[in-house]
Amino acid sequence: RNDKRLPDAELEVMQTIWSLGTQVTAAEVQQHADKEWKMTSVLTFLSRLCDKGFLSCTKEGRQNLYTPLVSEETTVRVRASAFCAGCAAAR
């Protein structure tokens with residue numbers, strides 16, 4: 001699950017979640033993100049991250065709670081190796 005592509009916007013969402021703690025809502029992600037995303041964008045990012053296996057989603061009452069399934073260190077390492085592979089392919 002860690003070998004999937006993680007675009008910059010989705011990485012920013014993950015970084016926001018890691019900085020907030022273990023379980024967060026979409027509203028918390030939107031409020032604390034560095035960018036001013038609309039709620040629909042945040043929900044799209046969260047859905048994609050769940051589909052890729054980076055987050056789990058549990059329903060609590062009327063809202064969803066998102067929990068990271070990968071560590072920040074693992075994700076940074078995967079992105080770095082993908083970047084380096086791209087550099088090698090360009091040679």
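The dialogue below concerns the salt bridges of this predicted model.

Trainee: Which residue forms a salt bridge with Arg48?

Mentor: The partner of Arg48 is Glu10, with 4.0 Å between the closest N and O atoms. This pair links distant parts of the chain, since Arg48 belongs to helix α3 and Glu10 to helix α1, 38 residues apart.

Trainee: Is Glu10 buried or exposed?

Mentor: Buried means under 20% relative accessible area. Glu10 has 2% relative accessibility, and therefore counts as buried. Arg48, at 43%, counts as partly exposed.

Trainee: What is the distance between the closest N and O atoms of Lys52 and Glu10?

Mentor: In that salt bridge the closest N and O atoms are 2.9 Å apart. Lys52 lies in the loop between α3 and β1, 42 residues from Glu10. Both Lys52 and Glu10 are buried.

Trainee: Where does Lys35 lie, and where does its partner Glu12 lie?

Mentor: Lys35 and Glu12 form a salt bridge, their closest N and O atoms being 3.3 Å apart. Lys35 is in the loop between α2 and α3 and Glu12 is in helix α1, so the pair ties together parts 23 residues apart in sequence. Lys35 is partly exposed at 42% relative accessibility, and Glu12 is partly exposed at 21%.

Trainee: Which residues are joined into one network?

Mentor: Through salt bridges that share partners, Glu10, Arg48 and Lys52 form one network.

How values were computed:
Residues numbered from 1 in each chain as written. Predicted model: local features only at pLDDT ≥ 70, side-chain atom pairs only at ≥ 80, totals over all residues. Heavy atoms only, no water. Salt bridge = Lys/Arg side-chain N within 4 Å of Asp/Glu carboxyl O. Helix = DSSP H or I, 4+ residues; strand = E, 2+ residues; numbered from the N terminus. Buried < 20%, exposed > 50% of the residue type's maximum accessible area, 1.4 Å probe, protein only.
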